[in-house]
Amino acid sequence: VQLQASGGGLVQAGGSLRLSCAASGRTFSNYGIGWFRQGPGKERDVVAAISWSGRISYYADSVKGRFTISRDNAENTAYLQMNSLKPEDTAVYYCAASTAPVNKYYRGHFWGQGTQVTVSS
C-alpha cells in the first residue's frame, strides 16, 4: 500500500492541525494505521495507532487527550487531529500501515513520506 501524508505546517502553541494519510494500492481496510513522529535528534516514536476497523486505538501518553486518530475506509484515508499543540510536538510526522497489534509496540510496514509540523511558542 502506498501512503501519502499531508497537512503539516507552522502553528502557534495552543493551535490545531489535522494530518491526513491517503492510501492507494492494496486494500486499505486490511491494515492498521499508525502515526509516528521524529523530532530533531530523537528516535521515531509512535504517537497514535488505529485498528483496521477503527474500534481499537492507542495513544502515547504525551498526546493523550489532545490528539485523535481516525480513519475513513471508504475514502482510504486516515487522520490525526492535533489540538492544543505544544512546541515539543514539533517533529516530522509519518503515517504507516501494517497488521501489527495496535498498542505501544505498533510497528509500521508500509510508510508514507513525512510531513513537518512546527509549533512556535
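Arg44 lies over the face of Trp111, at 4.8 Å from the ring centre. A charge counts as sitting over a ring if NZ of Lys or CZ of Arg is within 6 Å of the ring centre and within 35 degrees of the ring normal. The charged end of Arg71 is placed over the ring of Phe28, 4.4 Å from its centre.

This is a predicted model, in which local features need pLDDT of at least 70 and side-chain atom pairs count only at pLDDT 80 or more, while totals for chains, interfaces and linings use all residues. Residues are numbered from 1 along each chain as its sequence is written, and side-chain values use heavy atoms, with hydrogens and water left out.

**Aromatic pairs**

The structure holds 4 aromatic pairs. Rings of Phe, Tyr and Trp (its six-membered ring) pair if their centres lie within 6.5 Å; planes under 30 degrees apart count as stacked, over 60 as edge-to-face and the rest as tilted. Two of the pairs involve Trp111 as follows.

| Pair | Centre distance | Plane angle | Class |
|---|---|---|---|
| Phe36 and Trp111 | 4.7 Å | 55° | tilted |
| Tyr94 and Trp111 | 6.5 Å | 80° | edge-to-face |

Phe36 lies in strand β4 and Trp111 in strand β10 (residues 110–111), so their pair ties together parts that are 75 residues apart in sequence. Tyr94 belongs to strand β9 (residues 91–98), and its pair with Trp111 joins parts 17 residues apart in sequence. Strands here are DSSP runs (E, at least two residues), numbered from the N terminus. One aromatic cluster is formed by Phe36, Tyr94, Tyr106 and Trp111.

Burial is judged by relative accessible area: buried means under 20%, exposed over 50%, and partly exposed in between (1.4 Å probe, protein chains only). Phe36 is buried at 6%, and Tyr94 is buried at 15%. Trp111 is partly exposed, at 34%.

**The largest pocket**

The largest pocket has a volume of about 170 Å³. Of its 14 lining residues, the closest to the centre are Arg37, Gly39, Lys42, Asp45 and Glu88. A pocket is an open set of points on a 1 Å grid over the protein atoms alone, where a 1.4 Å probe fits, with protein on both sides within 12 Å along at least five of seven lines; lining residues have an atom within 4 Å of a point. Volume is the space filled by probe spheres set on the points, which are joined across faces, edges and corners.

The elements giving two or more residues to this lining are β4 (32–38) and β5 (45–50). The largest share, 3 residues, comes from β5.

Ser20 is in strand β3 (residues 17–24) and, at 18% relative accessibility, counts as buried. Leaving out residues up to four places away in sequence, Ser20 touches Gln4, Ala5, Ser6, Trp35, Thr77, Ala78 and Tyr79, where contact means heavy atoms within 4.5 Å.

The loop between β7 (67–72) and β8 (77–82) holds Ala74, which is exposed at 71% relative accessibility. Ala74 and Ser29 are 45 residues apart in sequence and 8.7 Å apart in space, C-alpha to C-alpha.

Most residues other than glycine have a negative phi. Asn76, also in the loop between β7 and β8, has a positive phi of about 55° and is partly exposed at 30%. Ser84, in the loop between β8 and β9, has a positive phi of about 50° and is partly exposed at 41%.

Key: Helices (H or I, at least four residues) and strands (E, at least two) are DSSP runs, numbered from the N terminus.
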